[in-house]
Amino acid sequence: MLGILASIIDGLLVGLVYGLGAMGLTLIWGVMDVINLTHGAMMVAGMFALYLLTDAFGLSPYAVLPPALIGGFFAGILLYWIAIHRMIGRPPLMSLLSTFSVNLVLIGIGTAVWGTALFNVSVSVPGLSIGRYTFPGAHILAAVLAAVIAWLLYLFLHHTRLGKAIRAVANNREAAELVAIPTTRVLAVSVGIGVALAAVSGALIGTLFPFTVLSGDGYQLKGFVVTVLGGLGNPVGALLGGLALGLLEGLVAPFVPVSWTLVIEFTLFVLVLIAFPRGIFSSRRGAL
Amino acid sequence: MKAFSAILAIATITASPVFAADTNIITIGFTASRTGPLNVDSLGQEHGFEFWRDEVNGKGGIQVGDQHYQVKFVSYDDQSVGGRVQQLYTRLINQDKAQFLFSPYSSGLTAAAAVITEQNGKIMIDSGGAEEKPFELGSKHIFMVITSAGHYLSGAVEALKEKNPHARIAMVYSDDPFSKTVLAAAKEQAKQAGLDVVMDESYGPSTTDFGPIVNKVISSNADAFLGGGHYSDGATLARQMYEQKANLNWISILVAPADDKFAQLGSAALGVTVPSQWEPQVSYKPEFGPATADFVKNFEAKFHQKADYHAASGYTAGAILQHAIEKAGSLDPEKVSQALNDTDVTTFFGHIKFATDPAHHGLQAAHEMVLAQWQQMNGQLGRQVVWPAAARSAPILYPIREASH
């Protein structure tokens with residue numbers, strides 16, 4: 001019994017970090033109807049930032065998070081101008097292809113420089129032991145930081161002018177333009193924030209698990225699942241969706257061989273979509 | 001103009017044989033996983049090949065009858081992907097005209113290469129794939145110099161039984177042909193030794209989050225662990241079992257702990273055992289080739305890294321092929337195959353002899369695994385040989401962790 005509880009709690013902890021990553025994806029999707037296929041590559045960028053900065057400067061892994069956020073933000077703005085700006089309003093396939101191309105370029109450069117070798121950042125945070133089970137300190141800390149960053153995002157979106165402008169553009173871009181909101185600037189900032197979230201969640205994941213240049217795909221897939229579960233365009237929903245996914249993984253793992261976890265996860269995902277086509281937590285499309 | 005071209009053509013045709021006769025070359029082809037998850041282990045094997053090639057060329061080359069042949073390698077990156085291996089071995093044989101082949105690294109890739117080499121009747125020396133299956137399909141020209149998968153963990157099971165006849169074993173391993181074969185054989189051996197197998201699960205080879213599995217190991221009340229796969233998953237498993245305080249008295253992990261990089265895990269590495277094809281401490285007396293100490297010293301001087309068993313097995317692939325060619329006095333695949341069938345020699349790597357019955361042709365029949373364990377030596381972590389007793393360089397450390405850590 002305790003084993004199942006331990007599994008669930010650990011699942012929730014990791015789920016929070018997945019949720020943080022998905023928030024970036026859902027924000028971009030919700031604001032401008034663009035599916036950012038560089039999401040995985042940006043998470044990997046966060047992981048490598050973690051590795052390079054801790055290796056070169058001996059920084060604590062958690063001190064890398066602010067630079068990851070800031071670097072991710074500017075990378076996102078750059079991404080917007082390169083791949084997304086001209087695709088706004090065009091058929092979704094165009095932006096899909098253009099972000100996918102950027103993804104290929106980034107992964108290609110990454111593979112050329114670092115190969116597909118495995119990288120590991122050692123993080124020693126004392127864990128919490130309950131009975132025979134131990135929750136690694138890194139998992140707990142990553143979950144707490146993910147929750148804090150998510151809360152900061154919520155405050156930003158609901159209590160600052162720019163945040164409200166972003167929500168307005170998500171709601172109805174034309175109407176936002178009519179009330180003199182500088183939509184292009186807002187779109188660029190949204191992509192900046194979305195990529196910043198991807199990068200920082202990548203850095204957090206880097207403190208938990210080893211990674212390669214190609215690791216982004218797996219986490220991006222989980223990000224899509226979480227995003228759809230949580231309702232497109234709903235960052236809070238994404239966080240809750242991440243928790244739901246983590247809960248599911250934790251619940252399933254003690255009972256079936258580990259290789260079945262993904263099968264069950266995706267089967268349930270399909271069933272959820274059939275029952276809730278808009279995601280479990282969405283109220284209305286475009287409501288942030 | 002026409003006359004000039006004719007003269008040029010005749011000159012080229014008559015000149016070429018002269019060039020060929022000056023340098024006799026044997027071309028050996030192989031692929032290495034220079035990228036992809038198998039890259040760490042593959043590199044050791046490739047260095048072993050290169051070390052042998054440079055040594056034999058430095059001594060004048062391989063002697064075939066009264067001619068000497070320099071060894072030339074043609075190699076490609078298989079990216080750790082089976083499909084690439086098949087394309088590349090076809091290319092090595094048909095376009096690069098490789099006369100002999102070395103295997104890639106890992107059972108899965110070796111099986112893929114074996115299909116091609118057997119179709120073309122070319123000899124392949126296998127130093128990187130321990131799974132028996134390719135040798136049970138009626139092959140004639142593949143020869144395995146390493147101990148096969150079925151015997152990998154038998155030493156670990158015997159050592160565990162000696163230390164704790166009531167051990168409860170959790171088996172958790174990668175879902176790939178090599179690991180599955182090793183652990184299936186180990187399960188049989190454990191049962192016959194009267195040990196309890198309380199958990200038996202495989203995971204996808206690209207798994208990075210072993211948290212749920214480690215929790216299951218804890219829930220199963222196991223006090224011994226056998227499993228792993230290759231470097232990345234094995235190292236991560238060891239680390240996560242330590243962080244989650246799985247408190248196992250015995251851990252045997254495949255492949256990963258045999259690499260010197262494993263020392264980076266620090267306390268998580270202490271006590272972990274690994275079945276090894278070879279360790280620098282073994283003391284076989286070679287009938288030809290370098291002694292163990294010389295190989296270790298010269299390899300490290302050349303590559304600035306310690307020789308591990310991948311390097312030793314790679315070197316042995318070359319040395320055994322050379323021995324067979326020289327005994328056969330010919331480069332003809334059938335004659336060299338016969339010489340390989342007749343091979344019964346001891347090198348620094350161990351005793352090498354191939355099975356010749358059609359059902360297992362080419363399988364290694366004489367070489368034995370040792371069990372190495374990470375222990376503290378003079379304040380530093382290093383591998384000691386702990387099994388079999390005859391090859392031991394240190395006593396077995398059991399239980400591997402203090403109960404209250």
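**Ground rules.** I number residues from 1 along each chain as its sequence is written, with chains lettered from A and ligands numbered from 1 in the order in which they are written. Since the model is predicted, local features need pLDDT of at least 70 and side-chain atom pairs count only at pLDDT 80 or more, while totals for chains, interfaces and linings use all residues.

**Entry 1, helix H9 of chain A.** I took helices (H or I, at least four residues) and strands (E, at least two) as DSSP runs, numbered from the N terminus. H9(A) covers residues 216-230, and because its 15 residues at 1.5 Å a residue should span 21 Å, I compared this with its end C-alpha atoms, which are 20 Å apart and so agree; the expected span is 1.5 Å times one less than the number of residues. I then looked up burial, where a residue is buried if 20 or more other C-beta atoms lie within 10 Å of its own, exposed if 12 or fewer, and partly exposed in between, with C-beta atoms placed from the backbone. I found 11 of the 15 residues of H9(A) buried, among them A:Tyr219, A:Lys222 and A:Leu229.

**Entry 2, chain A against chain B.** I counted two residues as in contact if their C-beta atoms, placed from the backbone, lie within 7 Å. On this basis 22 residues of chain A are in contact with 23 residues of chain B. On the chain A side, H1 and strand S2 (133-135) are the elements that give two or more residues, and the largest share, 5 residues, comes from H1(A).

The bounds come from an automatic or database domain assignment, which gives domain 1 (2-147 + 283-353) and domain 2 (151-276 + 369-391) in chain B. I noted that the C-alpha centres of these two domains of chain B lie 32 Å apart, and that their contact takes 15 residues from domain 1 and 16 residues from domain 2.

I located B:Gly234 in helix H8 (residues 231-243) of chain B, and it counts as buried because it has 25 C-beta neighbours inside 10 Å. Leaving aside neighbours within four places in sequence, I found B:Gly234 in contact with several residues, including B:Gly228, B:Ile253 and B:Pro257. I also looked up B:Tyr173, which is 61 residues away along the chain from B:Gly234, with 8.8 Å between their C-alpha atoms.
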